[in-house]
Amino acid sequence: MTRKRNLLLAGAALAAAAPAAVAADDGRIGPSLHILNNGRHLTPYGRLANVGNVPTGGALTPDGRFYWTVSAGSGLNDVRIVSVSSAKVVQTLPLPGASGGVVINRKGTRAYVSGLANSTNRETSRPALPGGGGDVVHVFTLSKSGKATETGQIPVPPPADAEPPNDFPLPAAKLISYPEYLDISPNGKTLVVPLNLANRAAIVDVKTRKVRYAKTGRYPYGAAVLPDGRRALVTNETTGTVSVVDLATAKVTKTITVGGHLSHPEAVLAPSGKRAYVAVANTDRVAVLDTKKLKVVKYVGVGTKAGIGTNPNALAFHKGRVLVTEGGADVISVIDAKRLKVTGRIPTGRYPTDVRV
């Protein structure tokens, strides 16, 4: 999947749909003001595109012309396809439910979106949509005009031996997969889908739609297929690890610790070369992995001296730089991939002088 400009576009999309929360000096709040509950005023670079409800995922088409955002909030879920040149939504694709996971193959002909169950809330329920039972991957064909058509769904149910998810105070009565941030092999033949509530990664043959399962750590979140197309990295939120999955055998061949318990490694990025990058959200660091030796070679801190933590949660790579979105700071950190140092920070928000925090 091409990730060169995803991050900057994602920042604009999130800012456009920022949740209402706190008063400015006159007491007014609302998404139109772009003011968050900590008093921060979102002022991103570039143009804003109005997209959907909590757009937590995105993907850029390989030609750089269209950006897919996935609305995954408590309201109506959908995909909004945005024209990069006009910053306008050219198509809205309704979904029963979504986690935010989306990937586009390198040919730009197919897109895959992680699908959750249809909402049971009366205001947001759309029972007639395909894939409403959840635990599926929605499959779309893309046209040169930028618009897409859903052609079917690939079921990724939890395996029979999966543990039921926690549902305090007892485990849930029903097994659930909850597909998250998936990736696709360079040749477009294999999907790797983290199943967050099943503690598995689904290895999917795109052509036959056959699904195999690799047992990962607890609460797998993000996936990145390595450039060799033979292995994938899957982050595990609770255990603070990365599972190395052999795609031919669907087996975990190694587990790499990138943080402590509940450190929440989330996004993982594996551009061409011998390094991969993992955003460890609860430690405000990016773990740099050697993909040959399969070990951490360095941690790059992206934290600040004050505040609630920067919460690095998404990654992109462009011209030798790793771009790191920080949801707790409304900043994009820029890491020099050669020197492995932060060389700049792009603010997407500021504190207005008339707002006390």
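**Salt bridges and what surrounds them**

Author: Glu 163 and Arg 218 form a salt bridge, with their closest N and O atoms 3.1 Å apart. This is a predicted model, in which local features need pLDDT of at least 70 and side-chain atom pairs count only at pLDDT 80 or more, while totals for chains, interfaces and linings use all residues. Residues are numbered from 1 along each chain as its sequence is written, and side-chain values use heavy atoms, with hydrogens and water left out.

Reader: Why is the contact of Glu 163 with Arg 218 called a salt bridge?

Author: The term asks for a side-chain nitrogen of Lys or Arg within 4 Å of a carboxyl oxygen of Asp or Glu. Glu 163 and Arg 218 have their closest N and O atoms 3.1 Å apart, so the pair qualifies. Glu 163 sits in the loop between β9 (148-155) and β10 (166-167) and Arg 218 in the loop between β15 (211-215) and β16 (220-225), so the pair ties together parts 55 residues apart in sequence. Strands here are DSSP runs of E with at least two residues, numbered from the N terminus.

Reader: What makes Asp 228 and Arg 231 a salt bridge?

Author: Their side chains meet at 2.9 Å, N to O, and because the limit is 4 Å, they pass. Asp 228 has a relative accessible area of 32% and is therefore partly exposed, whereas Arg 231 has 18% and is therefore buried. Asp 228, Arg 230 and Arg 231 are linked in a network of salt bridges.

Reader: What makes Glu 326 and Arg 345 another such pair?

Author: Their closest N and O atoms are 3.6 Å apart, so this pair also meets the definition. The two residues link distant parts of the chain, 19 residues apart: Glu 326 is in strand β25 and Arg 345 in strand β27 (residues 341-347). Glu 326 has 3% relative accessibility and so counts as buried, while Arg 345 has 37% and so counts as partly exposed. A search of the whole structure finds eight salt bridges.

Reader: What makes the phi of Lys 319 worth a remark?

Author: Most residues other than glycine have a negative phi. Lys 319 has a positive phi of about 50° although it is not a glycine. Lys 319 is found in the loop between β24 and β25, and its 71% relative accessibility is why it counts as exposed.

Reader: Why is β6 described as mostly covered?

Author: Seven of the seven residues in β6 (residues 98-104) are buried. Four bridges join β6 to β7 (residues 110-115), antiparallel, so these strands count as paired too. Ala 98 has Gly 115 as its bridge partner in β7. Five residues lie between the two strands of this hairpin, and Gly 108 in the turn has a positive phi of about 75°.

How values were computed. Buried means under 20% relative accessible area, exposed over 50%, partly exposed in between (1.4 Å probe, protein chains only).
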